[in-house]
Amino acid sequence: MKALILVGGYGTRLRPLTLNRPKPLVEFGNKPMILHQVEALVEAGVNHIILAVSYLSDMLEQALKAQEQKLNIKITMSHEEEPLGTAGPLALAKKLLKEGNEPFFVLNSDISCDFPFKAMIETHKKNGKEGLIVVTKVEEPSKYGVVIYDKTGRIERFVEKPQEFVSNKINAGLYIFSPAILDRIQLKPTSIEKEVFPNMAKDGELFAFELKGYWMDVGQPKDFLTGMCLYLTHLRSTTPEKLAKGDGIVGNVLVDPSAKIGKNCRIGPNVTIGPDVIVEDGVCIKRSTVLKGTTCKSHSWIESAIIGWKCTIGQWVRMENVSVLGEDVIVKDELYVNGGRILPHKSIGDSVAEPQIIM
């Protein structure tokens with residue numbers, strides 16, 4: 001069985017982390033985002049994964065070739081010369097997707113959830129229609145496009161950012177399709193949500209599948225951190241042995257075995273600490289992700305931050321309010337960083353009192 005993962009975007013919403021690596025390779029819960037999806041697909045019986053790529057595709061190809069042997073699957077790159085939207089990549093990979101004439105998955109690469117791929121296959125086969133969309137319940141439907149469907153799951157229509165309540169179910173960015181959908185899509189920039197789905201719904205060929213459990217589009221910093229909290233809670237209920245225990249650990253915390261944590265620290269709740277990270281004595285970290293090779297010097301205080309690879313956070317630094325540091329950033333001692341987005345390879349010697357981008 002095949003799956004197409006849409007990874008063609010520039011990852012602009014997650015800058016500065018994506019300035020020197022593609023978003024699917026940014027670690028989420030100490031594993032590249034895309035690997036969470038690839039492993040779940042393989043578990044559901046997928047043996048050929050097609051990546052719709054454009055930006056920094058060599059890096060992506062290199063990283064995933066290693067997984068090919070490890071997971072015993074085939075990974076193919078489908079290169080976009082120009083951005084093709086969310087439907088165009090299906091037309092570009094049409095030949096591959098039609099092989100074997102069997103259903104295939106399509107997914108956005110920013111999604112974190114408890115992937116229901118096996119159940120999707122069963123439901124799609126039972127419905128016998130062209131497509132199945134996973135839907136998830138949200139608190140604020142007015143920010144999204146909502147999906148209206150009947151008791152059997154047959155989708156009737158879509159409403160973009162409704163101002164009054166019509167539904168609280170939104171498109172979760174995970175699909176399974178029969179090859180017949182490929183006849184509806186031309187090789188040009190096309191939106192699957194706006195140009196393909198409404199016609200399928202009109203023809204009675206599109207069904208909804210309700211997702212159980214958590215869901216988050218982790219493509220921007222605020223949502224990345226919210227998604228990390230949900231993911232760690234999910235680990236607590238499914239594989240609690242993966243979470244850290246011990247002195248100074250509070251709540252759900254994931255720590256790579258190679259990281260070193262000093263004395264009198266308070267780590268958590270909701271913290272991910274990557275490989276080769278050094279946390280010196282007396283450090284407090286809450287609701288943050290610290291990526292590989294970073295050093296947090298003594299008595300620094302970090303809350304709601306994503307700290308990129310190989311950064312150095314000085315002594316007595318205070319950082320909060322969704323601050324994001326690119327790779328190899330140095331924050332000097334005793335500074336305050338409030339919602340700063342700091343580009344790679346910068347050294348900052350002054351506090352950032354108001355949220356801003358530091359070039």
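Me: Which side chain of opposite charge is nearest to the buried K2?
Reply: In this predicted model, local features need pLDDT of at least 70, side-chain atom pairs count only at pLDDT 80 or more, and totals for chains, interfaces and linings use all residues. Residues are numbered from 1 along each chain as its sequence is written, and side-chain values use heavy atoms, with hydrogens and water left out. The nearest side chain of opposite charge lies 4.3 Å away and belongs to E102.

Me: Which backbone oxygen does the side chain of K2 reach?
Reply: K2 is found in strand β1, residues 2–6. Its side chain reaches, at 2.9 Å, the backbone oxygen of E99.

Me: How many disulfides does the model contain?
Reply: A disulfide requires a pair of cysteine sulfur atoms within 2.5 Å. For C113 the nearest cysteine sulfur, that of C229, is 17 Å away; for C265 the nearest, that of C284, is 9.0 Å away. The count of disulfides is 0.

Me: What is the angle between the ring planes of F158 and F197?
Reply: Aromatic rings of Phe, Tyr and Trp (its six-membered ring) pair if their centres lie within 6.5 Å, and planes under 30 degrees apart count as stacked, over 60 as edge-to-face and the rest as tilted. F158 lies in strand β8 and F197 in helix α6, so the pair ties together parts that are 39 residues apart in sequence. The pair is stacked, with 6.2 Å centre to centre and an angle between the planes of 20°.

Note on methods. Helix = DSSP H or I, 4+ residues; strand = E, 2+ residues; numbered from the N terminus. Buried < 20%, exposed > 50% of the residue type's maximum accessible area, 1.4 Å probe, protein only. Lys, Arg positive; Asp, Glu negative; His and termini not counted. Salt bridge = Lys/Arg side-chain N within 4 Å of Asp/Glu carboxyl O. Polar contact = N/O pair within 3.5 Å; in protein donor to acceptor, adjacent residues only side chain to side chain.
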